[in-house]
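Biologist: Please bring up the model, and let us go through it by question and answer.

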Amino acid sequence: MAILIKNGTIVTASEEYKSDVLIDGEKIVAIGTGLDSRAETIIDAAGKYLFPGGIDAHSHFDLPFMGTNTAGFDTTPAAIVGGTTSVIDFTPQPAGMSLQDSIAKHREEAIEGKTAVDYSLHSMVMDTSVPGLFDEFGPLVKAGIPTIKLFLAYKGTPFNVDDATLYSALEAAKDVGMLAMTHAENGDIVSLLQQKLIAAGKTEPRYHAESRPPIVEAEATARAASLAKAADAPIFIVHVSCEDAMLAIRTARQQGVDIFGETCPQYLVLDVDYLAKPGFEGAKYVCSPALRDKSNQDPLWRALDNGWLQTVGSDHCGFNFKGQKEMGREQFTGIPNGTPGVENRLAILYTYGVMTGKLSLQRMVDAFATAPAKFFGMYPRKGSIIVGGDADIVVFDPAYEGKISVATSLHGVDYSAYEGFDEKGRADKVFLRGTLVADGGKFVGQLGQGKFIKRQPFGLAYQSRMSR
Ligand code: DUC
Ligand code: ZN
Ligand code: ZN
């Protein structure tokens, strides 16, 4: 069935122009002005932008973490109404299990038949005592999983790895086109500071930020960059939250290290004061890295606009306040880390970036869709509006004005981290592979419609190096 979207303004990572888009089946088959077609459905997009469907390369659906689980893939309609048509979810490695079995388990138990978005998975390297773990990288890449994640943070938990493990993983990864991603915080120092704060009776949510100050992130980021240099391998730093960590990435890249970075909406618009909200409400904002002093926000926007950081992922973690965040009432170290946000990525970038002049539309589209598609091996099938690509399209109404609220959210959790924030513009219609899945802010698709995306090995990212 053909669909013609007429009179819209297409925005890509490099251009903005008025054009029609013809969709046939799951693909974009023509782009041009005055397309004359006998399409069954014609949509007038005059006054609207057409953005590529967003790619959120950082989600945690159904993640067992800190003694509880995040909301599952049945809540992915939240992504769709927020203009995100694909996610790349992090797959934990249960103790003793191979990476490939961990991936199969996550797909079977958490995803298949449930997801509303197209999806892929990053493999989390956790239990390195499993024999032949690094030998799995090649088969994983062949199976369309060309990314691993390693945590320098979370000392004393199954997530944490040491420097030698990161270095060895980087060496093994580069040979097979695998890209290593790193959560860069100094786990030793965080653990020490946590113990000191708790011993001093400083147990409230706001001490979460004191236990992991910017220096623990900046130090681990610089160290990860050095290990990547030593291993002569590319590295991708997730959720960069502060100016100093961003500068560590920029400096290393200027010195020739193939290092890239992501930031997240929470670090662009929320700050450390949220953690001090009264009545334990600060727990809603406990995520790691921690929220920072507001002075970090403009440098992060500037880094995005200049391409010093390349992508924006949500780091979506759907924990309820009641029953889950409350697990840390006695002390902040018991609060499950993470904020929900898969629905809000486009709204925050457009309202607080584009509308304030901090981010160009092209850079927004790049960070929201195109750059993640390139880094993570989904381009050109996904990530742009391009003939032959999947018809993942957001018809964006810039005239819409509203507020973000838990009352209208599809996150499936009992609070919004952005409650009351303005929303200027919104995804009016969202197409996933040619099917209308959101209309007027409502989900009109089906759970189970999302498909697995087999991704290509790392390499295309080299074409999108922006500044050295
Ligand atoms: N940070 C979070 O805030 N939540 C989940 C994992 C992480 O690294
Ligand atoms: Zn992380
Ligand atoms: Zn994360």
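Biologist: Where is the place of Pro380?

Modeller: This is a predicted model, in which local features need pLDDT of at least 70 and side-chain atom pairs count only at pLDDT 80 or more, while totals for chains, interfaces and linings use all residues. Residues are numbered from 1 along each chain as its sequence is written, chains are lettered from A and ligands numbered from 1 in the order in which they are written, and side-chain values use heavy atoms, with hydrogens and water left out. Helices (H or I, at least four residues) and strands (E, at least two) are DSSP runs numbered from the N terminus. The peptide bond from Tyr379 to Pro380 is cis, with omega near 5°, and Pro380 itself is found in the loop between α12 (361-375) and β17.

Biologist: Which residue does a cis peptide bond join to Pro289?

Modeller: Pro289 belongs to the loop between α9 (265-269) and α10 (297-306). With omega at about 0°, the cis bond there joins Pro289 to Ser288.

Biologist: In which space does ligand 1 sit?

Modeller: Rolling a probe the size of a water molecule over the atoms shows where empty space is left. On a 1 Å grid over the protein atoms alone, a cavity is a set of points where a 1.4 Å probe fits but cannot get out, and a pocket is an open set with protein on both sides within 12 Å along at least five of seven lines, lining residues having an atom within 4 Å of a point. A molecule sits in such a space if more than half of its atoms lie within 2 Å of its grid points, and by that rule ligand 1 sits in the largest cavity.

Biologist: What volume does the largest cavity have?

Modeller: Its lining has 18 residues, with His60, Phe65, Tyr154, Asp315 and Cys317 nearest the centre. Of these, Tyr154 lies in the loop between β11 (147-151) and α4 (163-174) and has a phi near 60°, a positive value in a residue other than glycine. Grid points are joined across faces, edges and corners, and a volume is the space filled by probe spheres set on the points; for the largest cavity this gives about 140 Å³.

Biologist: Which element gives the most to the lining of the largest pocket?

Modeller: The largest pocket holds about 440 Å³ of space and is lined by 25 residues, among them Val81, Glu343 and Thr408. At least two lining residues come from each of α11 (345-354), β17 (393-403), β18 (422-432) and β20 (442-443). With four residues, the element that gives the most is β18.

Biologist: And which helix gives the most to the lining of the second largest pocket?

Modeller: This pocket has a volume of about 250 Å³, and Asp62, Pro64, Pro92, Pro94 and Lys105 lie nearest its centre among 15 lining residues. Five of the lining residues come from residues 99-111, which form helix α2.
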